[in-house]
Amino acid sequence: MSEVKINAALVQGLAAAALGLTIAPEGKNFTPPSVSTPWAAWFNLPADTQVASLGVGGNDETVGVFQVDLNYPLNDGTANALGAVQKLRDYFVAGRRLVYQGQCVKVERVTRNNLRPVDGWQRINVSIYYSAYITRPEV
């Protein structure tokens with residue numbers, strides 16, 4: 001269940017970043033607000049799990065990307081979108097530890113791509129790279 005806790009820690013961090021936007025949940029139906037109201041969506045993209053220590057009760061390291069898609073109205077300019085990017089950078093600083101029910105997730109770095117038109121919105125993707133150690137259960 002640690003994958004669930006990793007996901008929850010990241011989503012809890014997104015809420016704490018206080019973007020002030022409606023946020024679409026991953027894996028659920030969502031209808032974007034009107035074309036004049038900005039919104040965000042998130043996706044957890046686990047990349048790899050490697051053995052960090054051997055044996056029962058040992059650790060596996062999971063790394064991945066928590067992607068936040070920021071969507072703003074077309075022709076809104078760059079200030080609002082880049083302001084939201086900065087809020088994410090300010091919260092998800094390298095080294096920050098997010099904890100949910102004892103599961104720790106460490107932020108490695110934050111990157112963004114270009115602002116571009118997608119499906120009637122200006123979209124910018126923010127990638128939050130993370131790592132987490134999961135203790136293997138004793139069976």
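View 1. Helix 2, residues 79-91, has 13 residues and reaches 18 Å from its first C-alpha to its last, close to the 18 Å expected at 1.5 Å a residue. That expected span is 1.5 Å times one less than the number of residues in the helix. Helices here are DSSP runs of H or I with at least four residues, strands are runs of E with at least two, and both are numbered from the N terminus. This is a predicted model, in which local features need pLDDT of at least 70 and side-chain atom pairs count only at pLDDT 80 or more, while totals for chains, interfaces and linings use all residues. Residues are numbered from 1 along each chain as its sequence is written, and side-chain values use heavy atoms, with hydrogens and water left out.

Look for Ala 81, Ala 84, Val 85, Leu 88 and Tyr 91, the buried residues of helix 2. They fall within an arc of 130 degrees seen down the axis of helix 2, so they line one face of the helix. The arc is that of the directions from the helix axis to the C-beta atoms. Buried means under 20% relative accessible area, exposed means over 50%, and partly exposed is in between (1.4 Å probe, protein chains only). An α-helix has 3.6 residues a turn, so residues three or four places apart point the same way. The cover over the buried residues of helix 2 includes helix 1 (2-16), strand 3 (59-73), strand 4 (97-100), strand 5 (103-112) and strand 7 (121-135).

**View 2. Helix 1 and the residue that follows.** Helix 1 has 15 residues and reaches 21 Å from its first C-alpha to its last, close to the 21 Å expected at 1.5 Å a residue. Its buried residues are Ser 2, Ile 6, Ala 9, Leu 10, Gly 13 and Leu 14. These cover an arc of only 140 degrees around the axis, which puts them on the same side of helix 1. Helix 1 is followed by Ala 18, placed in the loop between helix 1 and strand 1 (22-24). Ala 18 is not a glycine, yet has a positive phi of about 55 degrees. With a relative accessible area of 46%, Ala 18 is partly exposed.

**View 3. The largest nonpolar core.** This core has 29 residues, of which Leu 70, Leu 88 and Phe 92 touch the most other members. Helix 1, strand 2 (39-51), strand 3, helix 2, strand 5 and strand 7 each supply at least two residues of this core. Strand 7 gives the most, with six residues. A nonpolar core is a set of buried Ala, Val, Leu, Ile, Met, Phe, Trp, Tyr and Cys residues joined through side-chain atoms within 4.5 Å. Zooming in on Leu 88, and leaving aside its neighbours within four places in sequence, you will find Leu 14, Ala 17, Leu 19, Val 68, Leu 70 and Val 126 in contact with Leu 88. Contact means heavy atoms within 4.5 Å.

**View 4. A cluster of aromatic rings.** Ring pairs link Phe 30, Trp 39 and Trp 121 into a cluster. Rings of Phe, Tyr and Trp (its six-membered ring) pair if their centres lie within 6.5 Å; planes under 30 degrees apart count as stacked, over 60 as edge-to-face and the rest as tilted. The whole structure holds four aromatic pairs. Phe 30 and Trp 39 form a tilted pair, 5.3 Å centre to centre with 40 degrees between the planes. Phe 30 is partly exposed at 30% relative accessible area, while Trp 39 counts as buried at 7%. Trp 39 and Trp 121 pair edge-to-face, 5.8 Å centre to centre with 85 degrees between the planes. This second pair links distant parts of the chain, as Trp 39 in strand 2 and Trp 121 in strand 7 are 82 residues apart. Trp 121 is buried, with a relative accessible area of 6%.

**View 5. Charged ends over rings.** The charged end of Arg 96 sits over the ring of Tyr 91, 3.9 Å from its centre. Likewise, the charged end of Arg 109 sits over the ring of Tyr 129, 3.8 Å from its centre. A charge sits over a ring if NZ of Lys or CZ of Arg is within 6 Å of the ring centre and within 35 degrees of the ring normal.
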